[in-house]
Amino acid sequence: MSETFNSHSIGLRAQKKILGKMTSRKVIQTFIDERSGRLLDDLYHLVKDYYDRKRAEKAIKYAIKTVVKIGILFRNDQFNAEELALVEEFKKKFRTLVMTFVSFAQVDFSYDRAFLVKIMNECRDLLKKLVLRHLTEKSLQRIDIVFDSFGGCDFLDAVFKSDSPLIEAKSKVIQDLSVLLEANTI
């Protein structure tokens, strides 16, 4: 009987498991800078104003868990060359998504739901492909919940409607995204 013991692998699994149990503000501040935290808070309010508190909390919590788990995997050199290429492709596609979102908000009558949904789905697919080898099926389902919350057609239409009650929350999100884009954080 051959036994294989790998303390690095056990440590990595423990980090991911602990993270799964802990998503308090103090823990999150360890992994997420202040501006990104403000963006997440503003996204929470945007989603809450459209859906409800429970759905908003779930979407933000799952987004944070996913980002932090990917950070742990990246920091521990768990991605192979193909996955590192996916990281770069995802970063470019996500930046395009954010720039598109900001542009649609700043330029009247430019909103194109089909285009935005297409980019969001491409981001979702790249992200799931990136983590497929590393995270559980439950984590993949969480990614879907996040993208479904932010990328639902009715939600997007409500966000970009000119007389939307979400204008104030959207403005804060746009301001946060603009600052992150300028700082090249996204």
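Residues are numbered from 1 along each chain as its sequence is written, and side-chain values use heavy atoms, with hydrogens and water left out. Since we are looking at a prediction, local features need a pLDDT of at least 70 and side-chain atom pairs count only at pLDDT 80 or more, while totals for chains, interfaces and linings use all residues.

Let me begin with confidence, where pLDDT is the predictor's confidence in each residue, from 0 to 100. The chain averages 88, and 83% of the residues score at least 70. The lowest mean, 59, belongs to helix H2, residues 25-31, and the highest, 97, to helix H6, residues 113-131; helices here are DSSP runs of H or I with at least four residues, numbered from the N terminus. Where pLDDT is low, the predicted coordinates should not be read in detail.

Now to the packing, with axes as lines fitted to C-alpha atoms over the stretch in contact, and angles from 0 to 180 degrees between N-to-C directions. Helix H4 (residues 53-75) and helix H7 (residues 137-151) pack at an angle of about 130°, with their axes 9 Å apart. That makes H4 oblique to H7, the class left over when angles under 35 degrees count as roughly parallel, over 145 as roughly antiparallel and 65 to 115 as roughly perpendicular.

Finally, the whole structure holds nine aromatic pairs, that is, rings of Phe, Tyr and Trp (its six-membered ring) with centres within 6.5 Å. One of them joins tyrosine 51 and phenylalanine 155 at 5.6 Å centre to centre, and with 15° between the planes it is stacked, as planes under 30 degrees apart count as stacked, over 60 as edge-to-face and the rest as tilted. This pair links distant parts of the chain, 104 residues apart: tyrosine 51 in the loop between helix H3 (34-50) and H4, and phenylalanine 155 in helix H8 (residues 153-160).

Technical notes: Helix = DSSP H or I, 4+ residues; strand = E, 2+ residues; numbered from the N terminus.
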